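Look at the structure first, then read on.

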Amino acid sequence: MSRHETGAAAPEARPAEERTPPGEATSRTPDGARGTRPGTALDDGPGAKPGTALDGGPGTALGGDPGTRPGTALDDVPGAKPGTALDGGPGTALGGDPGTRPGTALGGAPESGAAPPPSSVRQVARLLASEAGLTFRRPRNLAMLGVLAVVPVLVGVAVRLASGDTGGSIIGEIAGNGLMLTFAAFAVMTPIVLPLTVAVVAGDAIAGEAAQGTLRYLLVAPVGRARLLALKYANVVLFCLAACAVVALSALAVGLALFPAGPVTLLSGTTVPASAALLRVGIVVLYAAAGMAALGAVALAVSTLTEAPIGAVAASVVLVVVSQVLSAIPQLAAVRPYLLTTWWTAFDGALRAPVDVDRMGQGLLAFAAYVLVFGSIAWARFTSKDVTA
């Protein structure tokens, strides 16, 4: 019996473009898309590479965007490196941002064997080196160091010209031995020249940053305010050491060039060899630097109270001048031990035999007291100061 006889309908012929090619999956994607390539996974969009599967095999994983590279893990961002996995393997971790370093595990913790983060000591050293580089590259500061180097030259030339009438003065001592020019240079420059130089650098440390608007950007860095203030003061101390060293080296060079060198007769009348005299020069440099560092703490405290650097510098210099005037008044002898300028000239204890340790020790204690008091004032002000307004 034929189909026409049984009444069965003949199968409807489909166009050639709608027929399923041999070997292609007969199931359709949930959105009804047709024409998917052999072996594509569920929900793969048109154009995905052949061979993709549901298990993260050669092609993209479940939910992978079209065009994702082979071997990427679940939810990897397109463009991530091949071979990323969920367990912190060669690629990024789960949900890792593009560009994460290979070998990072879940949560971003480095695998064992990775380089440890830099220590805080190294970070502080880098910050201090950066701060010191800015200070010693500034033309104004270099000009002041140049002035400090020129003053001993002027003193040496003046002594050389006046060496015909020596008598028993300090001029005769310098003319007889060039090493004495170093002590004479510190005696001349300690009252005003060195303090002015240090006041300019320390007074500009905080107020200058605030005036230029760069202080708020410094505080954005992961450095606490107390640490930043300590770095600023450490930089001031380095400048004090450099300033005193420049004075000493310049005076030694000029003294050895213009005058003879040999054993030195100290203020106590004892003669010491040149090597011992050079050691005492080093003691004078360190003591003078400590005195200037105490002034730096005062200027730094004033710098936190204003945003005008010239005001901080002027206030620091005025304090120095007022202290020197008060120490020169005989009726105010009771307050003289409490004045900072009283102890600056105590470096002459190094010119005695033995070294006047008691007087120089009292001076160092006075310097430490000034650093503690004015450092506390600077810390209390700077840590509570509004610098973002």
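In which hand does H6 cross H10? H6 passes H10 in a right-handed crossing. A crossing is right-handed if the near helix is turned clockwise from the far one by less than a right angle, and left-handed if anticlockwise.

This is a predicted model: local features need pLDDT of at least 70, side-chain atom pairs count only at pLDDT 80 or more, and totals for chains, interfaces and linings use all residues. Residues are numbered from 1 along each chain as its sequence is written, and side-chain values use heavy atoms, without hydrogens and water.

**Helix packing**

Helices are DSSP runs (H or I, at least four residues), numbered from the N terminus. Axes are lines fitted to C-alpha atoms over the stretch in contact, and angles run from 0 to 180 degrees between N-to-C directions.

| Pair | Axis distance | Angle |
|---|---|---|
| H6 and H8 | within 10 Å | roughly 160° |
| H6 and H10 | 7 Å | about 150° |

Angles over 145 degrees count as roughly antiparallel. H6 and H8 are therefore roughly antiparallel to each other. The H6 and H10 pair is therefore roughly antiparallel too. The crossing of H6 and H8 is right-handed.

**The second largest pocket**

A pocket is an open set of points on a 1 Å grid over the protein atoms alone, where a 1.4 Å probe fits, with protein on both sides within 12 Å along at least five of seven lines; lining residues have an atom within 4 Å of a point. The second largest pocket has a volume of about 220 Å³, a volume being the space filled by probe spheres set on the points. Its lining has 16 residues. Nearest its centre lie Glu 131, Thr 135, Arg 138, Asp 204 and Glu 209. Helices H2 (120–137), H3 (139–161), H6 (193–212) and H8 (225–258) each supply at least two lining residues. H6 gives the most, with six.

**A cis peptide bond**

Ala 353 and Pro 354 are joined by a cis peptide bond, with omega about -5°. Pro 354 sits in the loop between H10 (309–328) and H11 (357–384).

Technical notes. Parallel < 35°, antiparallel > 145°, perpendicular 65-115°, else oblique.
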